[in-house]
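Dear colleague,

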Protein chains: 2
Amino acid sequence: MIKVLVVDDEPQIARALRINLSAHGYEVTTAADGAQALRAAAAVVPDLVVLDLGLPDMDGSEVIEGLRGWSKAPILVLSGRAASAEKIAALDAGADDYVTKPFDIGELLARVRAATRRSGPGSDSPVTAIGPVTVDLAAREVRKDGDEVRLTPTEWQLLEVLLRNPGKLVSQRELLHRVWGPNYDRETNYLRQYMAQLRRKLEADPARPVHLLTEPGMGYRFRP
Amino acid sequence: MIKVLVVDDEPQIARALRINLSAHGYEVTTAADGAQALRAAAAVVPDLVVLDLGLPDMDGSEVIEGLRGWSKAPILVLSGRAASAEKIAALDAGADDYVTKPFDIGELLARVRAATRRSGPGSDSPVTAIGPVTVDLAAREVRKDGDEVRLTPTEWQLLEVLLRNPGKLVSQRELLHRVWGPNYDRETNYLRQYMAQLRRKLEADPARPVHLLTEPGMGYRFRP
DNA sequence: GACACCTTTGACGCGTTCTTGACGGCCGAT
DNA sequence: ATCGGCCGTCAAGAACGCGTCAAAGGTGTC
């Protein structure tokens, strides 16, 4: 989840930003003045900062410089002042973008996307741990005791359905539908075949599975 | 010297931008329409693109997408249209900033500084090492045991997609989409053909690839 | 107009994966 | 205790996907 720090002393604007950003999947922290902003930034280490100039306690450039001292996160400045000199000062202090109020919320979100797009796809990918095995669904990579395990396409699809429903029971019908297609309803032998292969590759003791469980007569379940 | 590509069909604006940017130490190339822009970008490999929308031959988004396939260089869009929808479209197509005309030249320069500041010291020379081979994506240069290796445009695009997702599996569909276009879904023979060429040029033993790996039935993966 | 280079297309052999069928064991129901 | 259903396992043939070679378009250059 991308973390955004919103700095604004006007509660309504801060609230509106929080709601809109949260609705689009960002994790939002807010601060009402410069001192709070710097403290919050140190605490949450945001991936992006939306900064309103004209804070009660500090000058905008000071806040930017305070952040830039240790963070490379993009800073998107909001301001009521449209004068070019203000914009130039903020940008040269280290801001990445400058939007004048009143602003269109859609445009702001687009600028947030543009800013996070650059620094975004750097590192993080969600890995699921299954005992001694780690599964990276995005990279399509499985490691068991450090070295990689190869899965066939069908094995991947089956594992993915189970892993995306952690702890939940997935019926045989649903598994067959999502992996083989809607025309497959009763081919439970496929499931037996591939579940056995997955256990052989992922479980410490394939005969006594701990994470890939059978619910007789119903379906299968992945237990983290 | 930082290289800037200015794309504008109005000669006066292009001239004004060239003069101002040159005066501030940038190396400026100009193009008057979309086709010229894409060709010039391929030739000079700019560090930043200033792009006027409303070109005579192509839609703005097309130009942006055409550039984004090649390069990560910041794109600063100029436009006479102030509508939010236009801005959002351009930013989501891959632009980094959007300035409406008439613009203040000082502000534009500040935005140029802000954009180049990010990409400048951060990813200065993204040279990737593949065993005895080094790949410099920005400079479009490949060296194997010191000598230069020539890649065709298609080979470059394919290699770039893979290198930008180190360790991650890239599906056949995504590769086809990003290199040949969204209408290509099942032409896996293209991939086989060009992967073989890349391996012949980059791998020590093309028959036993170590870095450009095949995941049967799914896609390809670059392992650093 | 000839040439060189790149892209597109077709075909073949081979290894891997998928599909299919059959068998035995465990468990609950009769 | 017996039976039937369900699951795990094993072992085939069939089908698919990949690497490779070869050759036909296509485009720009000299």
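Asp92(A) counts as partly exposed, since its relative accessibility is 39%, and in this predicted model its side chain forms a salt bridge with Arg113(B), where the closest N and O atoms are 2.8 Å apart. Because Asp92(A) belongs to helix α4 (residues 84–93) of chain A while Arg113(B) belongs to helix α5 (residues 105–122) of chain B, the pair joins two chains. Arg113(B) is likewise partly exposed, with a relative accessible area of 29%. As a general point, side chains of opposite charge can pair when their charged atoms come close.

In chain B, Asp97(B) forms a salt bridge with Arg111(B), with 2.9 Å between the closest N and O atoms. Asp97(B) lies in strand β5 (residues 97–100) and Arg111(B) in helix α5 of chain B, so this pair ties together parts that are 14 residues apart in sequence. Both Asp97(B) and Arg111(B) are buried, which means that each has under 20% relative accessible area. These two residues also belong to a network, in which salt bridges that share partners join Lys87(A), Asp97(A), Glu107(A) and Arg111(A) with Lys87(B), Asp97(B), Glu107(B) and Arg111(B).

The other salt bridge is the one in which the side chains of Glu215(B) and Arg221(B) meet, at 3.0 Å from N to O, and here too both Glu215(B) and Arg221(B) are buried.

Turning to acidic residues of chain A, you will find a patch of negative charge on the surface, where Asp57(A), Asp59(A), Glu62(A) and Glu65(A) gather. Of these, Glu62(A) is found in helix α3 (residues 60–68) of chain A, and it is partly exposed, with a relative accessible area of 43%.

What does UniProt list for Asp52(A)? The record, which is an unreviewed entry, gives "modified residue: 4-aspartylphosphate" for Asp52(A), and this annotation may be inferred rather than shown by experiment. In the model, Asp52(A) is found in strand β3 (residues 48–52) of chain A, and with a relative accessible area of 3% it is buried.

With kind regards

Notes:
Residues numbered from 1 in each chain as written. Chains lettered and ligands numbered in written order. Predicted model: local features only at pLDDT ≥ 70, side-chain atom pairs only at ≥ 80, totals over all residues. Heavy atoms only, no water. Patch = residues over 30% accessible without salt bridge, like charges linked within 9 Å, V, L, I, M, F, W, Y side chains within 5 Å. Areas by Shrake-Rupley, 256 points an atom, 1.4 Å probe, with all protein chains shown as cover. Salt bridge = Lys/Arg side-chain N within 4 Å of Asp/Glu carboxyl O. Lys, Arg positive; Asp, Glu negative; His and termini not counted. Charge placed at Lys NZ, Arg CZ, Asp CG, Glu CD. Helix = DSSP H or I, 4+ residues; strand = E, 2+ residues; numbered from the N terminus. Buried < 20%, exposed > 50% of the residue type's maximum accessible area, 1.4 Å probe, protein only.
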